[in-house]
Amino acid sequence: MYQIEYLDIEEKKEYEQIIDKVIRKCYETENLDKSKLYISITLTNPTNIKNINKQYRNIDKETDVLSFPMFEKEELTNKIKNRNYKNEDILGDIVISIQKVEEQAIEYNHSFERELSYMIVHGFYHLMGEDHIEEKDKIIMREKEEKVLNSLDIKRS
């Protein structure tokens, strides 16, 4: 379902517990529990995420979360609809700056758990082909994110 890698930060069970709970709920919500789709999640620091952002998106700045989907939305929709799960497939990669999660939890006045959970859900839905560039798409994506978080009782403070 997923694999967590740590890149130049300390490993913590707290991160893993939050990620496990949220990813399982995302898969359940999107009926992917029986799929062989898995996600690579890298937890790192601001320097590394800035370098990854520059290398892959040509944006030379820090960010909180990056998502690299392996499928176009239509291709993934067909795969899920047809339950074409014969082989293991990578849904995509999510990279999260743990320091940014900590900073934003303080900035938005909610828990670290809420902020990390949001980053995971947000990254997951990008892997599912959702986006938030246009307002109508942003509304759809936010509704999906909030549905997962609310079902886990992870609320904004």
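At 60% relative accessibility, lysine 13 counts as exposed, where exposed means over 50% relative accessible area, buried means under 20%, and partly exposed lies in between, computed with a 1.4 Å probe on protein chains only. This is a predicted model, in which local features need pLDDT of at least 70 and side-chain atom pairs count only at pLDDT 80 or more, while totals for chains, interfaces and linings use all residues. Residues are numbered from 1 along each chain as its sequence is written, and side-chain values use heavy atoms, with hydrogens and water left out. A search of the whole structure finds 12 salt bridges, a salt bridge being a side-chain nitrogen of Lys or Arg within 4 Å of a carboxyl oxygen of Asp or Glu.

**A pair within helix 1**

- The side chain of lysine 13 meets that of glutamate 16 in a salt bridge, at 3.5 Å from N to O, and glutamate 16 counts as partly exposed because its relative accessibility is 22%.
- Both residues belong to helix 1 (residues 13–29), where they are three residues apart, about one turn of the helix; helices here are DSSP runs of H or I with at least four residues, strands are runs of E with at least two, and both are numbered from the N terminus.
- An α-helix has 3.6 residues a turn, so residues three or four places apart point the same way.

**A link between distant parts of the chain**

- Lysine 73 and glutamate 130 form a salt bridge through their side chains, at 3.1 Å from N to O.
- This pair links distant parts of the chain, 57 residues apart, with lysine 73 in helix 3 (residues 73–81) and glutamate 130 in the loop between helix 5 and helix 6 (135–151).
- Lysine 73 counts as partly exposed at 39% relative accessibility, whereas glutamate 130, at 8%, counts as buried.
- A network of salt bridges links Lys73, Glu130 and Lys144.

**The pair of aspartate 153 and lysine 155**

- Aspartate 153 forms a salt bridge with lysine 155, and their closest N and O atoms are 3.5 Å apart.
- Aspartate 153 is exposed at 57% relative accessibility, while lysine 155, with a relative accessible area of 45%, is partly exposed.

- Helix 5 (residues 112–127) has 16 residues and reaches 23 Å from its first C-alpha to its last, close to the 22 Å expected at 1.5 Å a residue, the expected span being 1.5 Å times one less than the number of residues.
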